[in-house]
Amino acid sequence: MSVESVSAQGFARESLTVLQKVIESARDDVAAAADLVAECVRADGVVHAFGTGHSQALVLELAGRAGGLVPTNRLSIADLVLYGGEDPSVLDDPLLERQAGVAQRIYDLAAPNPQDLFVVISNSGVNNVIVEMALHAKEHGHRVLALTSLTHTRAVPAAHPSGRKLADIADVVLDNAAPRGDSLLELPGGGSVCALSTLTGVMLVQMTVAEAAGRLLAAGERPPVYVSANVPGGFEGNLELEKRYAGRIRRTAS
């Protein structure tokens with residue numbers, strides 16, 4: 001890649017090329033993912049989304065946003081403090097996501113129902129808490145949808161004691177097509193710049209939501225969807241929709 005390619009237009013060009021490939025290659029996987037989401041919603045379930053680091057951006061893309069499904073719940077390591085009574089200092093540990101037992105604690109605090117779906121998001125798919133969450137969900141009978149980079153996860157060793165990675169556990173895998181290390185544009189002399197996984201991840205998340213909503217409509221059901229709270233009546237209307245899932249979804253200040 002030339003020096004001239006390390007530019008705004010270079011990133012736009014390269015990322016759009018990858019996005020188009022994702023749209024075409026993920027068609028069947030998105031359909032399978034949408035089946036899981038639609039089945040969960042029709043069974044009065046909740047979609048629990050979990051990720052750490054930058055993957056939390058995609059959790060927010062799925063859970064609790066305008067145009068998104070109401071029965072969605074954002075899980076986070078911060079839940080240990082917000083709902084679990086842990087001292088805030090516990091979050092000072094940058095290696096917290098590698099500790100055993102953290103995912104189980106977050107899962108228990110969410111108190112999911114059997115029909116609930118877990119969406120676990122990680123570019124590498126190998127961090128201990130990510131793998132532990134997917135394993136714990138499967139052990140409790142939940143379906144698991146993964147959003148990860150297959151290129152990255154296949155290029156790095158497993159970190160969890162089980163020797164497994166997120167993609168090995170999930171019922172359906174959405175591949176964000178990000179390169180190993182996530183950055184897209186190569187720099188002269190080594191290294192790279194400009195992460196890709198959030199961009200492609202948003203596309204996959206919203207394609208899945210759209211496809212799931214289409215399945216619900218085809219079944220004669222209106223998808224329970226959020227309206228922007230910043231339009232007249234939006235906030236009040238959303239509160240009415242949330243009543244159906246009272247005590248099962250969390251909506252805190254972001």
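Modeller: Thr148 lies in strand 4 (residues 143-148), where helices (H or I, at least four residues) and strands (E, at least two) are DSSP runs numbered from the N terminus. This is a predicted model, in which local features need pLDDT of at least 70 and side-chain atom pairs count only at pLDDT 80 or more, while totals for chains, interfaces and linings use all residues. Residues are numbered from 1 along each chain as its sequence is written, and side-chain values use heavy atoms, with hydrogens and water left out.

Biologist: Does Thr148 count as buried or exposed?

Modeller: Buried means under 20% relative accessible area, exposed over 50%, and partly exposed in between (1.4 Å probe, protein chains only). Thr148 counts as buried because its relative accessibility is 1%.

Modeller: Rings of Phe, Tyr and Trp (its six-membered ring) pair if their centres lie within 6.5 Å, and planes under 30 degrees apart count as stacked, over 60 as edge-to-face and the rest as tilted. By this rule there is one aromatic pair: Tyr107 and Phe118 are stacked, at 5.5 Å centre to centre with 25 degrees between the planes. The pair links distant parts of the chain, with Tyr107 in helix 5 (residues 102-110) and Phe118 in strand 3 (residues 117-121), 11 residues apart. Tyr107 counts as buried because its relative accessibility is 6%, and Phe118 counts as buried at 0%.
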